[in-house]
Amino acid sequence: MSKEKESTEPSKILGEVISGAVSSEIRLKLRTESEEVRIGFPAMVEGNKYDFFCIISDISFPETNSVTMLANAEKLRNTIPMMTIEPARGRTFYSVADLQCVQMIEKATNKTFLFETIPPYFSTGRLASKDDVEIVYKT
């Protein structure tokens with residue numbers, strides 16, 4: 001595979017921002033299965049003015065009443081394929097990923113900054129590309 005091809009391939013979408021704080025981390029609701037995401041992998045959150053280069057620091061399941069009710073109820077879980085339920089507001093059973101921001105990249109100039117703000121709600125998070133890593137680490 002040529003270098004040109006690598007840099008033009010789209011990166012895998014991880015999910016959307018549901019919370020964040022400069023003092024801690026950016027949290028994504030994942031669109032993908034938790035087993036497809038790995039801690040330590042680089043990720044990019046696409047804000048309006050900045051892209052946020054991050055490292056995936058944690059993956060977890062939020063506790064929900066639905067999960068609690070279905071725990072130890074194998075017959076009920078086997079009746080309905082739970083992972084296929086997609087209501088209007090998104091999947092009922094989902095994972096979240098916490099991202100530790102390393103650098104912000106100004107979209108207009110590709111200039112890098114320390115993490116000093118957060119992206120808007122619903123910003124897209126994706127795995128970082130080789131080009132993203134090169135911008136941050138200037139390799």
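Reply: Happy to! Let us begin with a term: two strands are said to pair if DSSP finds at least two bridges between them. Strand S3 (residues 42–46) and S7 meet that condition, with 4 bridges joining them in an antiparallel arrangement. One place to look is Val 45, whose bridge partner in S7 is Gly 125. S7 is also joined to strand S1 (residues 13–20), here by 3 bridges and again antiparallel. On that side, Ile 13 has Arg 126 of S7 as its bridge partner.

Please keep in mind that this is a predicted model. The chain has 139 residues, 32% of which count as buried. It contains 4 helices and 7 strands, and read from the N terminus the elements follow the order α-β-β-β-β-α-α-β-β-β-α. Among contacts with a separation of 6 or more, 67% are between residues 24 or more positions apart.

Now to the part you asked about. The structure holds 5 aromatic pairs, and a pair of aromatic rings is described by the distance of the centres and the angle of the planes. Take Tyr 50 and Phe 113: their ring centres are 6.0 Å apart and their planes stand at 85 degrees, so this pair is edge-to-face. Tyr 50 belongs to strand S4 (residues 50–60) and Phe 113 to strand S6 (residues 112–113), so the pair ties together parts that are 63 residues apart in sequence. Tyr 50 counts as buried because its relative accessibility is 17%, under the 20% limit. Phe 113, with a relative accessible area of 22%, is partly exposed.

A second pair is made by Phe 52 and Phe 115. Their ring centres lie 6.5 Å apart with the planes at 85 degrees, so this pair is edge-to-face too. Phe 52 sits in strand S4, while Phe 115 is in the loop between S6 and strand S7 (124–127), so here again parts that are 63 residues apart in sequence are tied together. Phe 52 is buried at 2% relative accessibility, and Phe 115 is buried as well, at 15%.

Lys 29 lies over the face of Tyr 94, at 4.5 Å from the ring centre.

A disulfide is a covalent bond between the sulfur atoms of two cysteines. This structure holds 0 disulfides. Cys 54 is in none, and the nearest cysteine sulfur to its own, that of Cys 101, is 4.2 Å away. That distance explains the result, because a disulfide needs the two sulfur atoms within 2.5 Å. Cys 101 is likewise in no disulfide. Cys 54 is buried, with a relative accessible area of 0%, and Cys 101 counts as buried at 9% relative accessibility.

Note on methods: Residues numbered from 1 in each chain as written. Predicted model: local features only at pLDDT ≥ 70, side-chain atom pairs only at ≥ 80, totals over all residues. Heavy atoms only, no water. Helix = DSSP H or I, 4+ residues; strand = E, 2+ residues; numbered from the N terminus. Buried < 20%, exposed > 50% of the residue type's maximum accessible area, 1.4 Å probe, protein only. Contact = heavy atoms within 4.5 Å. Phe/Tyr/Trp six-rings, centres within 6.5 Å; stacked < 30°, edge-to-face > 60°. Lys NZ or Arg CZ within 6 Å of the ring centre and 35° of its normal.
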